[in-house]
Structure formats: C-alpha cells, structure tokens
Amino acid sequence: PQHVNPQLLVLRARLLAVGMVMLGLIGTYWLAYSIGGVRMAAMATMVVGTCYIMLRHGRMATYDIHLFAWTTLSIAGGLWAMRPLRPINWTGRRVLGWAFAGLALGAAIMSKGPIAALFVAVPLALAIIVCPKRRVGNAIGLLFALRAGALLAAPWYMYIIEKFPDAFQLLGHEYAAHRAQRQVTWYYLLIFVL
C-alpha cells in the first residue's frame, strides 16, 4: 500500500468483487438448474442478482461477497453431484461434483473462516433429507466435501498461526463483530426484509 495509489487498490478490490458476484450468480443458476431446470435457474438468478444486500456487498467489495460466491458454487457442486430429481446418477458425476464442492468450500473457508462450512452443510444436509434417493451416498459425499474443504484451508491457517501467534484471538474478535456503537434491535429484522 505504501507504493500504490489507494484508489487503484479500491478499484482492484471492486473489480474482483464484480467477478465474485458473477461467480455467485453462475453458482445460483447452476444449483437452481440442478433442482428445477432452466426456468427455475433463470428466476433464481434474477432474484439473487437484484437482491439489495448482494448488490451492496458487491459494490463495497466486502469479503462477504467472496463467501457468497464460493459457498454458492460449493452448494451447486453438491447438488449437481446428488442429482436429486433424476433416477440415475453415475459414480463419476458424484465424485466430480463432491470434489468440486470441497474445493469451493476450501476457498470459502479461506475467505471468511470456518463459518463457511455451516453455510454449505445446512442446505446440502436439508437437500439430502428431503430427497428420497441415495441418502447414504449423498451423506458420505457431503462429509467428503466438508473434510476436503477443511484440508484445503488447513495450510493457510497453519501458516497464519506460525507467523502470527495471536491470530486466533484477532479472528475471534473479528467474528464477534464488536462495535463501538450497538445496532438498534430491529436492524437485524430489516436484513431479512431486504
């Protein structure tokens, strides 16, 4: 930062955020297509693409947009691997889909931390519960993706611990989101409305 114009850094961060928004929209289309075909995929992508919170975070270039993109791609890979509404599912497709889900989850964990695993595991676990076919195989695939994501992110966290011994304390402070001024009680309700 000492040798680069801060405005250039802001521009780069915003361009990267636009790319992450596009990846998130691709993931949205893909996961909705895996469930309901082209029409559902187009509708889901339009809804997510015009969501105020997503546009706001994309414009501000927060790390939440990176989390959105990678978790959406991870869920899409898992649903593609599950092929929930089709009677036949090939082994190669399942392996490739769950491996992709684990890879995207690893990137999500590196973006914002282990909370990404929760954002991926809950929707995919619910999809496994709802879909009557191949529950055991899909549960094993989900566990594989969670483990693969954790293993991919582990070297990064090991490096951080080695270089910065108080890193977990700082990350805990970041996750707790302590603020100098507390938000009003209905602020969080407005997030759901938006």
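Here is a short chat about a predicted model of one protein chain.

Q: Hi! What should I know before I start?
A: This is a predicted model, where local features need pLDDT of at least 70, side-chain atom pairs count only at pLDDT 80 or more, and totals for chains, interfaces and linings use all residues. Residues are numbered from 1 along each chain as its sequence is written, and side-chain values use heavy atoms, with hydrogens and water left out.

Q: Which residues have the most contacts inside the largest nonpolar core?
A: That core has 21 residues, and the ones with the most contacts inside it include Ile-75, Met-82 and Trp-98. A nonpolar core is a set of buried Ala, Val, Leu, Ile, Met, Phe, Trp, Tyr and Cys residues joined through side-chain atoms within 4.5 Å.

Q: Which element gives the most to this core?
A: α3 does, with six residues.

Q: Back to Met-82, what is it in contact with?
A: Leaving aside neighbours within four places in sequence, Met-82 is in contact with residues including Asn-89, Trp-98 and Leu-124; contact means heavy atoms within 4.5 Å.

Q: New topic: what box do the C-alpha atoms fill?
A: Roughly 55 × 40 × 40 Å, taken along the principal axes.

How values were computed:
Buried < 20%, exposed > 50% of the residue type's maximum accessible area, 1.4 Å probe, protein only. Helix = DSSP H or I, 4+ residues; strand = E, 2+ residues; numbered from the N terminus.
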